[in-house]
Amino acid sequence: MKFHVLTLFPEIPRAFFESSIMAKAVQKGIIAYDLVNIRDYAFDKHKTCDDNPYGGGAGMLMMPEPLNLALKSVRDKIGRKNWSGKNAKKKVIYVTPSGKPFTQKLAQELSQEDNLVLICGRYEGIDNRIIDTWVDEEISIGDYVLSSGEIAATVIIDAVYRLVDGVISSESLEEESYSDGLLEYPQYTRPEVFEGKGVPDVLLSGHHENIRKWRLKMRLAKTLRVRPDLVCEARKNGLLNAEAERMIEEITTQ
Ligand code: ADE
């Protein structure tokens with residue numbers, strides 16, 4: 001999988017690509033990346049990339065020409081076959097607070113692509129003709145407004161690359177929050193007593209069945225407390241068996 005990030009501030013996503021598990025995935029050749037500085041495609045001597053919006057209004061917009069040229073350069077690098085051929089697996093994403101919500105399900109879908117092109121907006125956004133011409137998906141990472149698209153694009157890249165085969169073990173992915181619609185159970189490591197606080201007895205018992213039940217109950221209790229909407233969703237999707245429903249009954253009548 002290759003990420004192509006179009007940005008006015010490549011140093012922001014670069015720090016992520018050069019760190020930790022991502023750096024290892026890049027080294028192993030599982031993930032590749034290309035940071036495209038939109039300013040390199042500006043054509044006046046000041047390298048201007050923004051202008052006032054038609055119709056008036058506050059703030060500046062990113063001009064279409066530099067973005068258009070930057071996107072063409074990415075298309076040339078990927079090659080027509082991989083860009084729009086019958087078996088092409090590529091998506092052009094514009095990260096924007098007006099996009100559709102980013103979820104684990106969408107991250108799963110995007111992890112199946114071969115090339116992801118992410119456009120990072122600055123100022124008040126980008127000229128809409130770029131969206132009409134180039135963009136497959138507009139994605140928002142949440143109902144709040146960031147000052148730049150770089151952080152939002154990096155969030156999307158992080159959630160997606162770790163799902164690409166070979167980056168992280170499948171066992172770790174199966175157990176984590178959202179994989180089956182519930183939040184994670186609490187975890188503990190040594191020491192057994194930390195500042196007077198112990199570890200739940202069941203985790204020290206070595207009784208695997210009791211540990212499994214305790215963890216499921218903890219997941220249900222936490223999800224009911226902080227994200228009751230996810231419990232409804234899991235039920236709707238048939239992910240809660242009779243045991244889970246019994247535990248919910250216990251938790252809510254306690
Ligand atoms: N750019 C600014 N805010 C954003 C958000 N919430 N999601 C995606 N891109 C953004």
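Lys105 is classed as exposed because its relative accessibility is 60% (buried means under 20% relative accessible area, exposed over 50%, and partly exposed in between, with a 1.4 Å probe and protein chains only). The model is a predicted one, in which local features need pLDDT of at least 70 and side-chain atom pairs count only at pLDDT 80 or more, while totals for chains, interfaces and linings use all residues. Residues are numbered from 1 along each chain as its sequence is written, and side-chain values use heavy atoms, with hydrogens and water left out.

Lys105 forms a salt bridge with Glu109, with 3.4 Å between the closest N and O atoms (a salt bridge is a side-chain nitrogen of Lys or Arg within 4 Å of a carboxyl oxygen of Asp or Glu). Both residues lie in helix α5, four residues apart, about one turn of the helix. Helices (H or I, at least four residues) and strands (E, at least two) are DSSP runs, numbered from the N terminus. Glu109 is partly exposed, at a relative accessible area of 40%.

Helix α5 (residues 104-110) belongs to a right-handed β-α-β unit with β5 and β6; a crossover is right-handed if, with the strands pointing away from the viewer, the path from the first strand over the helix to the second runs clockwise. Strands β5 (residues 90-101) and β6 (residues 115-120) run parallel and are joined by six bridges, pairing being assigned if DSSP finds at least two bridges between two strands. Val95 has Cys120 as its bridge partner in β6. Strand β5 also pairs in the parallel sense with β7 (residues 137-140), over five bridges. Here the bridge partner of Ile93 is Glu137, in β7.

In total, the structure holds 14 salt bridges. One of them links the side chains of Glu250 and Lys217 at 2.7 Å, N to O. Glu250 lies in helix α12 (residues 242-253) and Lys217 in helix α10 (residues 208-226), so this pair ties together parts that are 33 residues apart in sequence. Glu250 is partly exposed, with a relative accessible area of 38%, and Lys217 is also partly exposed, at 21%.

Asp229 forms a salt bridge with Arg227, the closest N and O atoms lying 2.9 Å apart. Asp229 counts as partly exposed at 41% relative accessibility, as does Arg227 with a relative accessible area of 29%.
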